[in-house]
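Let's take a friendly tour of a protein model, one part at a time. Have the sequence and the 3D view ready.

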Number of protein chains: 2
Amino acid sequence: MRKIASLIALATTLVSAPTFAAPAPAVGGDALSIVTDLTTEVGQRLAGSPREAVARDWAVARLTALGFAKVHIEPFTIPGWERGAETASITAPVPQKLAVTALGYSGATAAEGVTADLVYFPTIEALKAAPDGSLAGKIAFIDHAMKAAQDGGGYGPFGAARRQGPTIAARKGAVAVLIRSIGTDHSRIPHTGVTSWAKDVKPIAAGAVSSPDADLIARLAGRGAALRVALTMTPRFTGEAPSGNVVADLPGRDPKLPPILVGCHLDSWDLATGAIDDGAGCAIITAAALQAAKDGQLARTIRVLWAGTEETGGFGGQAYAAAHANEPHALVLESDTGADRVFRVTFQMAAADKPLAERITADLARFGVYAGDGKPEGGEDVGFIAAKQKTAVIDLNQDMTRYFDWHHTPDDTLDKIDPAQLQQNVDVWAAVLRIVANVSRPIAPAS
Amino acid sequence: MRKIASLIALATTLVSAPTFAAPAPAVGGDALSIVTDLTTEVGQRLAGSPREAVARDWAVARLTALGFAKVHIEPFTIPGWERGAETASITAPVPQKLAVTALGYSGATAAEGVTADLVYFPTIEALKAAPDGSLAGKIAFIDHAMKAAQDGGGYGPFGAARRQGPTIAARKGAVAVLIRSIGTDHSRIPHTGVTSWAKDVKPIAAGAVSSPDADLIARLAGRGAALRVALTMTPRFTGEAPSGNVVADLPGRDPKLPPILVGCHLDSWDLATGAIDDGAGCAIITAAALQAAKDGQLARTIRVLWAGTEETGGFGGQAYAAAHANEPHALVLESDTGADRVFRVTFQMAAADKPLAERITADLARFGVYAGDGKPEGGEDVGFIAAKQKTAVIDLNQDMTRYFDWHHTPDDTLDKIDPAQLQQNVDVWAAVLRIVANVSRPIAPAS
């Protein structure tokens, strides 16, 4: 606890009033107000950027105004990265512009770009099968086939093209790699997202093209055309950069009971205002905590974690887990899958708590929510502490049918939020929090 | 007719083989093949640009391969214009990037851009009411409320913000003008489209922001915030530029009967490949003419006009009307509203031809098409000749519910075409052409 106290002291010196100059609206504690104001008054808040720092200050002010206690920032640092120029065109067999964006932690081309033959791979498996050295001097293109699914199920397998594809292509000698966006839309808007470089690999330029551009590449490749592509991509690594978690408590009646931890992430990609990823999540958990307590103080404290730097590698969740490793947590929940309705609940709980899970399931039926078989582990924000402490986890599965249309794109804006679905989300969350935060007996570790 | 003959002779010298290097697919006469190949092998074809010239050559080769006769180019020139850099951000009260694109024939800012206060107008009427000189040194923003309609009905009234707004703002002293995109989508993709400058007005920078960006501007303005915007937009007027119409005949049995003229336009905006605007239209009219004649030669010639330079002012349609003013035309039809299904037919015909209209209506019922009350005049491609000659007009109204989501944007790509709806369109067109091209008695002028 010393550690936290010292972090709080440090954070206090960093917090200043938001600089937003417009007349302040009445501070709304409902989810739509929170995500509206965050996206309007702060906007993009890339991990490690000055705007993420502004967002932390904004969060402290808002959580304080909403009556949370012990509102503070827990700073940490991350490897900084920022986007540069990004343009791409097919130059042969026919000139066609490509809508492209760099993946997070992409390397750079020369400032004047690179023009090279493009080698088409229908899947990441086909790329893996390419002979060593066969991509020397070339640009690899990885196609794949992610389709919309209610539980977002294709993101794991097809996202491998983004996460591992660049390393595989670099090892085979590629000068750059392009992938079909990991997304489910049909707009000329490419999807960013972080890539992971193996330690032995020097980052090359790695970008995503939009789905219609990938269709065009596939059509030309399918006709046997030799494709050449001109690519300029000049992101840069900026060294150690400041980030931080915002942590606040809605105090329970019994301070000796371990808290319920609810998490979201405050950082967004730089391309948009992060309304669904993850402004909505922070809005949902916060509004739900307030709603759960509005008819009277709860037995347990609900701790809200607005994590920093989720997008580029879960640094915020790891920092929270490290800082709070020795404090017990009763249960964790996370909201980081958009703003659409909750359709299912899953539990990772000890056998002794099966009656509690059944009680929650019974209560959620009125919202059209049913229990699924999954064994949730929490996401990047609360999953690290849960793994460390084997904390019980409840996952409120949101409908992700539309989520990957806009995920990690310039299209992650407020208009994508359906207020009715957002409110259903808050109502479900509040119902769960009202139950679990009033459990006075111990909630067991999950195993 | 001398004029046409000399144009044909001139055109012959301009036509060269397409430079597309991929192995040629079998030449398809179905609509999907035509629009697929045009968008894949040519891509964007801005009026007056080298790519529009490539498209003309491509069209001549394709129409010739499909068996059309007298395939030729009728050249003309237009005032050239091309896009430059285009970036915009809100700088106060909060830094936020705006997705922006220049309107056709927009003027330019200085190369380093301009930063100025933004004045918000909810409608073009509000802009008109602003006092003279009140916009000196400022950027005007015009919001409006176009919503999707099956017949595209809002485009006329709300499009005024784009067509007349910039002139009005310039007259009141504005240094630049931004409008909410004339469109019905919710993506971060702005819509271009031509603006019309009054003769006494020096063009200023005139652009459109995407719908979510316009929402953000409206939210900030609604909170009373003073907005400042940094805008860089460097398009340029390129002087007299070459364009041309591609004209071809599917010869009828009786060369003395005036032809049925079917029109589309070959040029596209530069932001995309022009799949729905108007590659689809050219594909539909061409495939339908072939389909109408596949069971035997028709009595009348069907003339296809793939007009150049529709987007920046209907120059192609005007050039056709001037060149062919003294040739009689029996009837005109145009396809320039996307690729979705035909839902309604309207007629501008003499009373004497009411039985013909009724016969067509009766035949189209099997496609779910009904007769409406409108009095069509043809569009920019065939409307000028129809107005000059009072030619009869049939309009096959396509479902435009989705059309303005993608119209004039980078999203006008092949994936937006639903093959089943495209085929219904061709089937309806072919049914109409089979009837009207087999009318051997005169078809009367509309009056």
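How far apart do the C-alpha centres of domain 1 of chain A and domain 2 of chain A lie? The answer is 33 Å. Please keep in mind throughout that this is a predicted model.

## Two domains in chain A

Chain A is divided into two parts: domain 1 covers 2–81 + 239–436, and domain 2 covers 84–234. Where they touch, 20 residues of domain 1 of chain A are in contact with 17 residues of domain 2 of chain A. On the domain 1 side, the largest share comes from helix 13 (residues 403–406) of chain A, with 3 residues. Sorted by class, that side of domain 1 of chain A has 8 nonpolar, 8 polar and 4 charged residues.

## A mixed sheet

Now look for the open sheet in chain A, which is formed by 8 strands in the order 1-10-12-11-13-16-14-15. The pairing in this sheet is mixed. Its edge strands are strand 1 and strand 15 (370–371) of chain A, each of which pairs on one side only.

Strand 1 of chain A pairs with strand 10 (residues 236–250) of chain A in the antiparallel sense, over 12 bridges.

Helix 9 (residues 275–292) of chain A lies across strand 10, strand 11 (260–265) and strand 12 of chain A. Helix 9 runs at about 155° to strand 11 of chain A.

## A glycine in a loop

Between helix 3 (50–65) and strand 1 (69–82) of chain A there is a loop, and G67(A) is found in it. Why is G67(A) called partly exposed? It has 14 other C-beta atoms within 10 Å, while a buried residue would need 20 or more and an exposed one 12 or fewer.

G67(A) also shows how a chain can fold back on itself: G67(A) and L290(A) are 223 residues apart in sequence and 9.0 Å apart in space, C-alpha to C-alpha.

## Two copies

Finally, step back to see both chains. A rotation of 180° with 0.0 Å of shift along its axis superposes chain B on chain A, with an RMSD of 0.0 Å. That is the relation of a two-fold axis. Of the interface residues of chain B, 97% are also interface residues in chain A, so the copies meet through the same surface.

Conventions:
Residues are numbered from 1 along each chain as its sequence is written. Chains are lettered from A and ligands numbered from 1 in the order in which they are written. This is a predicted model: local features need pLDDT of at least 70, side-chain atom pairs count only at pLDDT 80 or more; totals for chains, interfaces and linings use all residues. Copies are superposed by least squares on the C-alpha atoms of residues with pLDDT of at least 70 in both. Two residues are in contact if their C-beta atoms, placed from the backbone, lie within 7 Å. Domain bounds come from an automatic or database domain assignment. Helices (H or I, at least four residues) and strands (E, at least two) are DSSP runs, numbered from the N terminus. Ala, Val, Leu, Ile, Met, Phe, Trp, Tyr, Cys and Pro count as nonpolar, Asp, Glu, Lys and Arg as charged, and the others, Gly among them, as polar. Two strands pair if DSSP finds at least two bridges between them. Axes are lines fitted to C-alpha atoms, for helices over the stretch in contact, and angles run from 0 to 180 degrees between N-to-C directions.
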